[in-house]
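Welcome! Please take a look at the sequence and the model below, and then let us walk through them together.

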Amino acid sequence: MASSSPSDLENPHATCSYAPLPGGTGDEPTVSRHPKKSAAIFLVCAFLSLAFVVALIGVDKAELNTNEAAVVLSRGRGVDKGVSEKSFRPLLGAENSYPWSSNMLDWQRTGFHFQPKNNWMNDPNGPVFYKGWYHLFYQYHPDAPVWGKIVWGHAVSKDLVNWRHLPIAMETDQWYDEQGVWTGSATILPDGQLVVLYTGSTNESVQVQNLAYPADPSDPLLINWVKYPGNPVLVPPPGIDEKDFRDPTTAWKTPEGKWRITIGSKVNKTGISLVYDTEDFKSFELLDQVLHAVPGTGMWECVDFYPISKQGENGLDTSIDGPGVKHVVKASMDDDRNDYYSIGTYDALKGKWTPDNPASDVGIGLRYDYGIYYASKTFYDQDKQRRVLWSWIKETDTEASDISKGWASLMGVPRTILLDKKTQTNIIQWPVEEINRLRTNATVFKNLVVEAGSLVPLELPAASQLDIVAEFELDEATVMRLNDVSDADVAYDCAKNGGAATRGALGPFGITVLAHEGLIEHTPVYFYVAKGVDGNLKTFFCADQSRSSSAMDVDKSIYGNVVPVMKGEKLSMRILVDHSIVESFAQGGRTCITSRVYPTKAIYNNAQVFLFNNATAATVTASLSIWQMKSAQI
Amino acid sequence: MNFSSPLTILFTLLLLHETLYSTMADQKFIENTCKGTPSPNLCLKILLANPKSQNSDLTDLALIGVAAVKDKGVEIIRQIVALKSSKPKLRPTLNYCEEAYHAVVYADVPSSNEALRGGLAKFAEDGMADSAVESQACERSFSEHGWMSPMTDSNKAMNDVANVVRAIIRMLL
């Protein structure tokens with residue numbers, strides 16, 4: 001796992017890890033005392049860097065000082081290189097004095113990611129396709145851009161991309177949800193009826209499960225909701241703490257013809273998932289066995305349980321079972337704020353699930369996403385026969401900024417989920433195909449040869465809303481020839497190895513987005529290939545926020561993980577850039593990384609994209625298609 | 001009641017012993033809790049300053065901690081307002097700091113309180129983590145613009161308290 005241990009406050013874990021106070025490293029430039037001199041040095045350097053960059057384009061590569069090239073991507077030239085850090089700082093005076101101008105904050109709102117107009121959002125709730133509309137409900141705090149007394153926000157869409165916001169679906173108007181209408185799921189019954197189970201935080205802050213249903217089932221917009229008068233339908237069972245009982249799942253059919261749900265909880269530090277059977281969603285029977293449990297993982301929030309097809313290319317209804325099916329158990333780990341999943345086998349008679357690979361069990365193995373991604377939930381889209389994943393993407397800036405801009409949180413772009421037929425040991429996630437309809441104005445680059453230590457600016461009309469699809473090939477000769485290898489290289493860790501500035505023989509290389517022309521701010525998304533002593537290659541996929549912004553009050557972690565690469569596969573990535581969110585996908589969605597970035601300079605017309613190869617030895621050949629993304633109705 | 005009866009004396013002694021033992025147990029609980037924080041002495045100071053801490057469970061101790069963050073935040077905002085008059089040149093940075101501490105007192109603290117009462121400790125942890133970051137951001141904003149910070153002690157105090165409370169909250173997860 002890339003996250004650090006929970007109790008390590010010297011390095012607060014990734015979700016809240018901000019750059020610490022400077023220890024006099026000289027990283028922070030102070031106001032120049034010689035503006036004219038600095039201006040002159042700046043202009044000379046700007047010209048030189050432009051000339052340098054121009055020299056890189058084209059087949060005939062000029063003699064390249066790889067040290068210089070590497071330094072462009074690193075923290076800045078040291079004094080011995082003759083150019084100080086501060087000379088790259090644009091001298092804009094008052095406009096640049098304080099990080100967050102309204103111009104900068106306004107830019108942060110996305111073009112095609114779901115977000116309410118203002119205030120706070122967290123978990124997606126009850127996603128469902130009903131009478132021709134996709135519904136998304138969500139945890140919403142209407143009063144401030146911070147978590148608080150939560151209600152169910154509601155929006156509808158025909159295509160998962162363009163949204164119509166509707167009135168609040170459920171408020172905190174009953175004793176059993178007075179402290180919050182928390183997360184829940186929808187189930188469509190065979191006769192087309194829709195029911196919702198959700199967690200209420202009672203007037204005494206006890207977590208209970210409640211039943212709700214549409215006031216008018218013939219209303220496709222499902223505007224009004226009725227809460228079952230007999231609520232709550234479930235209260236914490238004996239042995240379960242009244243504050244460890246939340247987030248009921250969509251129900252699925254048992255062999256006996258009953259409905260079954262699962263609810264995450266914990267016993268001491270063991271994360272568990274309780275199982276209940278019901279015939280009417282009003283009275284429930286707790287099974288003796290939990291669906292699954294993993295010691296040491298802590299509270300399981302937002303549990304999700306669903307079948308995936310072993311052979312097929314479609315999603316499956318939650319009730320499907322049989323020999324051609326595997327089951328996924330997913331849970332959000334309260335302790336480390338990440339979503340984990342595991343593939344295994346479900347025993348419908350016992351109501352028990354077992355992972356295929358216990359070393360990769362829930363909470364200790366694979367994550368849906370190696371960046372900011374939590375409280376996710378899938379639903380079966382019966383219209384297009386796919387399983388679609390929604391997730392909450394929180395802010396990683398300060399609360400003060402969220403208050404200034406008036407909003408906090410996004411949903412990730414919905415993704416389809418399938419079993420990876422090639423590896424069999426992970427799922428693949430891919431943005432829903434409807435997102436492609438926003439593509440316009442393609443720029444295509446074919447077979448760009450990028451030598452070790454070089455940077456290629458990509459000429460684009462704009463760079464805040466992009467869909468980038470790229471393929472890379474390392475030159476075989478270098479890979480084969482490489483003898484100076486050690487297992488230290490294959491122990492690379494995106495989070496700890498210094499990001500795109502740290503050079504290896506075969507990486508890093510990739511694309512840097514939301515990049516300012518001097519690379520004062522940029523966000524590299526890259527592959528790092530390591531060759532082990534056994535000659536095998538290990539590929540890492542990372543997104544580096546360490547230089548994403550000059551502001552010092554935003555998270556600058558580096559995220560990523562290993563990505564499996566099958567023999568004969570080129571390295572491929574897809575990057576959705578949408579203002580303050582960057583979603584990156586490697587090898588068709590085997591490894592995904594969602595990042596939040598808050599540049600102060602690389603915004604509006606100043607945002608650019610560069611292709612880079614910061615390896616020391618290998619040449620990389622890259623082919624890319626970059627589309628401008630139109631804005632959706634969000 | 002015969003006060004000099006051996007039984008009465010024994011009963012009284014036992015009662016005193018139980019109370020003493022119970023108080024010692026609570027004290028031990030507070031001490032152990034504070035040992036799990038980055039600044040145990042500061043933690044003890046905060047918790048013991050509130051008499052309710054003697055009968056507190058972990059959630060109550062965390063709430064006492066959040067109240068301490070709020071008090072410190074309110075005090076710092078007053079300091080900022082005073083500095084804006086006495087050091088007008090620093091006003092732009094002080095405005096930034098005021099917004100930072102405003103977020104602590106009016107957003108992070110209420111959110112953390114609500115989260116602790118509801119049993120969603122993670123949101124309370126986020127509130128305290130943000131409080132520490134706001135204090136760091138305020139402190140850095142002075143040097144970023146070539147000024148000496150007039151608030152170093154205050155910013156450090158907030159950072160330390162927030163990190164202590166965050167550590168207590170993590171024990172609830």
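How many residues of chain A are in contact with chain B, counting heavy atoms within 4.5 Å as contact? In this predicted model, 47 residues of chain A are in contact with 39 residues of chain B.

Here is the interface at a glance.

| Item between chain A and chain B | Value |
|---|---|
| Buried area | about 3700 Å² |
| Buried area on carbon and sulfur atoms | 58% |
| Salt bridges | three |
| Residue pairs in polar contact (both at pLDDT 80 or more) | twelve |

Buried area is the accessible area (1.4 Å probe) that two parts lose on being put together, summed over both. A salt bridge pairs a side-chain nitrogen of Lys or Arg with a carboxyl oxygen of Asp or Glu within 4 Å. A:Arg337 forms one with B:Glu125, where the closest N and O atoms are 2.5 Å apart. On the side of chain A that touches chain B, strand E1 (119-130) and helix H4 (399-405) of chain A each supply at least two residues. Helices (H or I, at least four residues) and strands (E, at least two) are DSSP runs, numbered from the N terminus.

Now to one residue of chain B. B:Asn55 is found in the loop between helix H2 (40-48) and helix H3 (58-86) of chain B. Leaving out residues up to four places away in sequence, B:Asn55 touches B:Asp26 and B:Asp60.

Residues are numbered from 1 along each chain as its sequence is written, and chains are lettered from A and ligands numbered from 1 in the order in which they are written. Local features need pLDDT of at least 70, side-chain atom pairs count only at pLDDT 80 or more, and totals for chains, interfaces and linings use all residues, while side-chain values use heavy atoms, with hydrogens and water left out.

Technical notes
Contact = heavy atoms within 4.5 Å. Polar contact = N/O pair within 3.5 Å; in protein donor to acceptor, adjacent residues only side chain to side chain.
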